[in-house]
Each structure stands twice: as structure tokens, then as C-alpha cells.
Amino acid sequence: MSAIIMDGKAVSALVREEVKERAAILASKGVKPGLAVVLVGDDPASQVYVRQKEKACASVGFASFMRYLPASTDERELLDLIDGLNSDPAVHGILVQLPLPKHIDKDRVAEAIGPEKDVDGFHPINVGRLTLGIETMEPCTPKGIVYLLEHYGIDIEGKRAVVVGRSNIVGKPVSILLLSRNATVTVCHSRTKDLPSVTRQADILVAATGKPKMITSSMVKDGAVVVDVGITRTQSGLIGDVDFDAVKEMASYITPVPGGIGPMTIAMLLLNTLKAAEACASGSMRR
Ligand code: NAP
């Protein structure tokens with residue numbers, strides 16, 4: 001039986017509608033949510049992502065503040081720009097597009113963003129809060145994954161979840177979110193021994209490696225829920241980490257690439273920015 005396709009595009013459109021309505025309420029009280037996006041350098045993929053974010057802001061009535069800096073920008077200049085955005089009352093969320101040029105320390109940049117404006121959820125304070133189970137700004141891709149699962153009524157509690165990939169922006173935080181919802185979580189990486197024997201135990205399998213089609217049907221249990229986070233750009237389009245055509249015949253639910261987690265990530269960015277603006281408007285700096 002073929003899996004139900006979890007339609008991230010459609011679900012993200014619902015989220016955007018909600019964000020738009022709440023943004024209009026805020027605007028009627030004189031607060032227009034604002035997102036600042038900083039791009040250093042001219043990486044073509046990053047330029048596409050930044051334009052998508054600018055368009056997404058416009059579609060829900062947010063202000064966007066785009067800052068394009070040359071690749072030669074030094075770290076001090078970037079930190080000074082972030083300082084200015086931290087103290088700008090029109091800016092509720094700040095995002096610095098990754099990857100950064102090699103001469104800039106991305107950890108120092110993440111730490112420079114005020115935690116209450118850290119809509120990516122990468123500041124160590126927000127990461128710490130996430131790990132401790134304290135309400136925080138959750139990182140967009142992991143939040144989008146869990147949002148999509150919950151939208152489709154997938155019960156996470158008690159399930160065996162396997163996450164392939166342990167990056168700070170996807171693998172680790174999604175593991176924490178799944179754990180906080182009482183899944184039993186295993187995190188795999190490039191040095192995991194006999195990966196297929198681990199992935200075959202998954203009721204919920206999250207692939208976040210950036211290795212196209214590495215999750216084959218022989219690595220998936222019948223009836224598993226499969227979430228494909230991977231995006232690899234090729235001449236024939238975007239390719240995920242999952243061999244979609246084969247795996248969809250065994251999974252119960254599956255996300256496509258494109259149209260799965262990608263649009264959910266942008267929707268969660270809008271939601272985080274809205275929450276930052278709402279918190280600011282209500283006088284509490286945390287949502
Ligand atoms: P990353 O930082 O490169 O991390 C990749 C992870 O995969 C690492 O932990 C690595 O293990 C693991 N890995 C690589 N090859 C493996 C293998 N053969 N077997 C098992 N594990 C393996 O990547 P990322 O930033 O997490 O992104 C992962 C993918 O998601 C990329 O394609 C990226 O473009 C995509 N992405 C999509 C969205 C979205 O909105 N849909 C958002 C973010 C990222 P080690 O730690 O041992 O090296």
C-alpha cells in the first residue's frame with residue numbers, strides 16, 4: 001500500500017494564514033512584525049533562501065529588513081550590524097543566513113543575536129532552554145517536522161524514533177523535540193555501525209544527512225512514518241535523502257522533496273517572528 005504523502009506545502013499555507021490573521025491584529029495595535037535577514041557573500045543557494053524569506057514576510061504582512069554584505073565583510077562589522085538590529089524596535093526577529101564565509105565564526109554570530117530575537121533558535125541560551133524543556137524559541141526545521149507530524153495526527157508518544165544526522169540545526173534539536181514528546185529516540189551519524197539495522201527499528205524515521213536517496217526501502221520498516229529533511233540541488237531539481245518512490249510503497253506516511261519540510265521551515269520562521277513580536281507587544285520578552 002502506498003503511503004499518505006504529508007503535504008508540507010498545504011500545511012504551511014494554513015500556518016501562514018493563521019500568522020497573517022494574528023499579524024493583522026498586532027498591526028491594529030500599532031505593531032508590525034519585522035524580520036531582519038542578513039546575507040554575507042553571494043552564495044546562489046543562500047540568495048534563493050533569502051528571497052524566499054523576504055517574499056514570505058510580505059505575504060503575511062510582516063516588514064522585512066534585508067541586509068546584503070560582501071563576502072569580504074569582517075566579523076566585527078557583522079557583529080556591529082547585529083548590535084544595531086538588536087536595539088532596533090522595528091525588528092522582532094534576526095536571522096543570519098548560513099553558511100557564513102570561513103573567516104567568520106558562526107558561533108560568535110549566533111551568540112550576538114539577542115535571545116528574544118533569535119527566531120532561528122540557535123543562540124546557546126535558547127538551545128539550553130530547549131534541552132532543559134523550558135519554553136523557548138524552537139529551531140524552525142525541527143519545529144516544522146513535529147508540527148507536520150502532529151497535523152497528520154501521528155502519535156509520537158511511546159514510538160521508536162530514529163534520527164539520521166546529528167547536526168546542531170536539525171538532527172540534535174529534532175531528537176530533543178521527539179524525546180520531549182515521549183518518543184524513544186536513537187540518533188545516528190556517519191560512524192553508526194550497521195545503520196540499516198537501526199533504521200529498520202524506527203516507527204518514525206527522520207533523515208537529515210544531505211546524502212541523496214541514501215535511505216532505501218530495505219532500511220525502512222513496513223508502516224513506518226518517514227520524514228525526509230534532506231535537500232540536494234541537482235540539475236534535475238531538488239533531491240531528498242530518501243529513495244521516495246521505493247520507500248513510499250512501505251511507509252504509512254512520508255514527506256516529499258520538494259514540498260515537505262522545506263515549506264514548513266519557512267512557516268515556522270514566520271511563526272517564531274510573530275511570537276517574538278507578540279511577546280514584545282505584550283511587554284514580556286519571552287513568548
Ligand atoms: P550537516 O550539518 O551536514 O549534517 C549531516 C549529518 O548527517 C551529520 O551528522 C553526519 O554525520 C550525518 N551523515 C552524513 N552521511 C551519513 C551517512 N552516510 N550515514 C549516517 N549519517 C550520515 O547537515 P544539516 O545541516 O543537518 O542538513 C542535512 C540536510 O538537510 C541537508 O541536505 C540540508 O540541505 C537539509 N536541510 C533542509 C532544511 C529544510 O528546510 N528542509 C533545513 C536544514 C537542512 P557526522 O556528524 O558523523 O558527520
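Isoleucine 266 is found in helix H10 (helices are DSSP runs of H or I, at least four residues, numbered from the N terminus). The model is predicted, with local features requiring pLDDT of at least 70 and side-chain atom pairs pLDDT 80 or more, while totals for chains, interfaces and linings use all residues. Residues are numbered from 1 along each chain as its sequence is written, and side-chain values use heavy atoms, without hydrogens and water.

Isoleucine 266 counts as buried because its relative accessibility is 11% (buried, under 20% relative accessible area; exposed, over 50%; partly exposed, in between; 1.4 Å probe, protein chains only). Beyond its neighbours within four places in sequence, isoleucine 266 contacts Arg16, Gln52 and Ala56 (contact, heavy atoms within 4.5 Å). Its C-alpha atom lies 9.3 Å from that of tyrosine 49, 217 residues apart along the chain.

Helix H10 (residues 261-281) also pairs with helix H1 (residues 8-28). Their axes come within 9 Å and cross at roughly 20° (axes are lines fitted to C-alpha atoms over the stretch in contact; angles run from 0 to 180 degrees between N-to-C directions). H1 is therefore roughly parallel to H10 (angles under 35 degrees; over 145 is roughly antiparallel, 65 to 115 roughly perpendicular, the rest oblique).A search of the whole structure finds zero disulfides (a disulfide is a pair of cysteine sulfur atoms within 2.5 Å). The sulfur of cysteine 57 is 11 Å from the closest cysteine sulfur, in cysteine 140, too far for a bond. Cysteine 57 is buried, at 1% relative accessible area.

How values were computed: Helices (H or I, at least four residues) and strands (E, at least two) are DSSP runs, numbered from the N terminus.
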